[in-house]
Each structure stands twice: as structure tokens, then as C-alpha cells.
Amino acid sequence: MKFRLFCTLRDLVRHGPLLVVLLLTVALSARAAEVTGLYEAAVTVTSRDDQRQRQQGFSVAMREMLVKLTGRNDTITNPVIERALSSPQSYVETYAYNSVVPEDPFAQPGQGPQIQLQVSFFETGVQQLLN
């Protein structure tokens, strides 16, 4: 059996459709996965009405989001980032409060739901901060 590096026109006509299907299958399965929620974080707070508690929640959520986004804990020690963390509200796009029932099997009976602050940050603002 002899190996041929080049194929003839007859080979392409005969096996061409199979080759096209194979190439399309590989191309379609090689799509990148979309990552969502990179600019979001949720933190537990004790009140929906306390503005100071909300600002602290924004700061904690922003820290979590920056570490998640960069993959580096030392990101938040950068002086520019530290200043931004002291006034995070300018980076907040939206926020909402959710009531979350704890799933802890060791939670005290009758313990009420926790309040979770869900924060979404402006992607462009965060990218400018990191650059």
C-alpha cells in the first residue's frame, strides 16, 4: 500500500462532501463558552434600609467581583483600586435585595431568611479601573 500526499480530483469529488461535513462539525463544536456574571457579586447584609450597610455591601461586592475577574487577591491592594473601593457606588450599575433562606442543615430552627444584596457593576468602568 502506497501513501499519497496529494489527492486526485476524483478523490475530492468522491470524498468531498464527507470532508465538508467533518470540517463543519469540528468548527461548530469548537465555539468558546460564554462566561456570564463576571461583573456581578452577591453579599449578605443585615438591612435593606441602612444606607451605610448598602455602601459597605457595595464595597465587599466590588472586592469579590475584582478578585473573581482578575483571579488575583492582590488586586485589591493596589492604591488606585483601594480608592475606588472607598466609593464603589460610582461603579454600580444596578443592585437589588433578595431574601435567601439559609440551606445550612445546622442553622438554628426558626431562623429567618437572610438579606442578600445583588450588585452588578459597569463593565467599562471596571475595565478602565483595571487598566
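Contact here means heavy atoms within 4.5 Å. With that sense of packing in mind, this briefing describes a predicted model whose secondary structure comes to four helices and three strands. Along the sequence these elements follow the pattern α-β-α-α-β-β-α. Of the 131 residues of the protein, 24% count as buried. Among contacts with a separation of 6 or more, 66% are between residues 24 or more positions apart.

**Nonpolar core**

- The largest nonpolar core has 21 residues, and those with the most contacts inside it are Met62, Met65, Leu66, Leu117, Val119 and Phe121.
- At least two residues of this core come from each of β1, α2, α3 (79-86), β2 (92-100), β3 (114-121) and α4 (123-130).
- Helix α2 gives the most to this core, supplying five residues.
- Leu66, one of the residues with the most contacts inside the core, is in contact with Gly71, Ile81, Leu85, Val126 and Leu130 when its neighbours within four places in sequence are left aside.

**Helix α4**

- Gly125, Val126 and Leu129 are the residues reported as buried in α4.
- Viewed down the axis of α4, its buried residues fall within an arc of 95°, so they line one face of the helix.
- Thr124 and Gln128 are exposed on the other side of α4.
- The packing partners of the buried residues of α4 are α2, α3 and β3.

**Helix α3**

- Ile81, Ala84 and Leu85 are the buried residues of α3.
- These residues cover an arc of only 100° around the axis, which puts them on the same side of α3.
- Pro79, Arg83 and Ser86 are exposed residues carried on the face of α3 turned away from its buried side.
- The buried residues of α3 pack against α2 and α4, and those of α4 in turn have α3 among their partners.
- At the start of α3, a side-chain oxygen of Asn78 comes to within 2.8 Å of the backbone nitrogen of Val80.

- Ser47 is located in the loop between β1 (40-45) and α2 (51-70).
- Because its relative accessible area is 19%, and buried means under 20%, Ser47 counts as buried.
- A polar atom of the Ser47 side chain lies 3.0 Å from the backbone nitrogen of Asp49.
- The side chain of Ser47 also reaches the backbone nitrogen of Asp50, at 3.2 Å.
- Apart from its neighbours within four places in sequence, Ser47 is in contact with Gln53, Tyr97 and Ile115.

**Charged residues**

- The count of salt bridges comes to one.
- This salt bridge joins Asp74 and Arg72, with the closest N and O atoms 2.6 Å apart.
- Asp74 is partly exposed, at 39% relative accessibility.
- Arg72 is likewise partly exposed, with a relative accessible area of 47%.
- Arg54, found in helix α2, is buried yet has no salt bridge.
- Not counting residues up to four places away in sequence, Arg54 touches Arg48, Tyr95, Tyr97 and Leu117.
- Of these partners, Leu117 is also among the residues with the most contacts inside the largest nonpolar core, while Tyr97 is also in contact with Ser47.

**Partly exposed glutamines**

- Gln56 lies in helix α2 and counts as partly exposed at 46% relative accessibility.
- The C-alpha atoms of Gln56 and Leu85 are separated by 9.4 Å, although the two residues are 29 residues apart along the chain.
- Leu85 is one of the buried residues of α3 and is in contact with Leu66.
- Gln111 is found in the loop between β2 and β3, where its relative accessible area of 42% makes it partly exposed.
- Gln111 and Val101 stand 10 residues apart in sequence and 8.6 Å apart in space, C-alpha to C-alpha.

Methods: Residues are numbered from 1 along each chain as its sequence is written. This is a predicted model: local features need pLDDT of at least 70, side-chain atom pairs count only at pLDDT 80 or more; totals for chains, interfaces and linings use all residues. Side-chain values use heavy atoms; hydrogens and water are left out. Buried means under 20% relative accessible area, exposed over 50%, partly exposed in between (1.4 Å probe, protein chains only). A polar contact is a pair of N or O atoms within 3.5 Å; within protein, one must be able to donate a hydrogen and the other to accept it, and residues adjacent in sequence count only if both atoms are side-chain atoms. A nonpolar core is a set of buried Ala, Val, Leu, Ile, Met, Phe, Trp, Tyr and Cys residues joined through side-chain atoms within 4.5 Å. A salt bridge is a side-chain nitrogen of Lys or Arg within 4 Å of a carboxyl oxygen of Asp or Glu. Lys and Arg count as positive and Asp and Glu as negative; His and the chain ends are not counted. The arc is that of the directions from the helix axis to the C-beta atoms.
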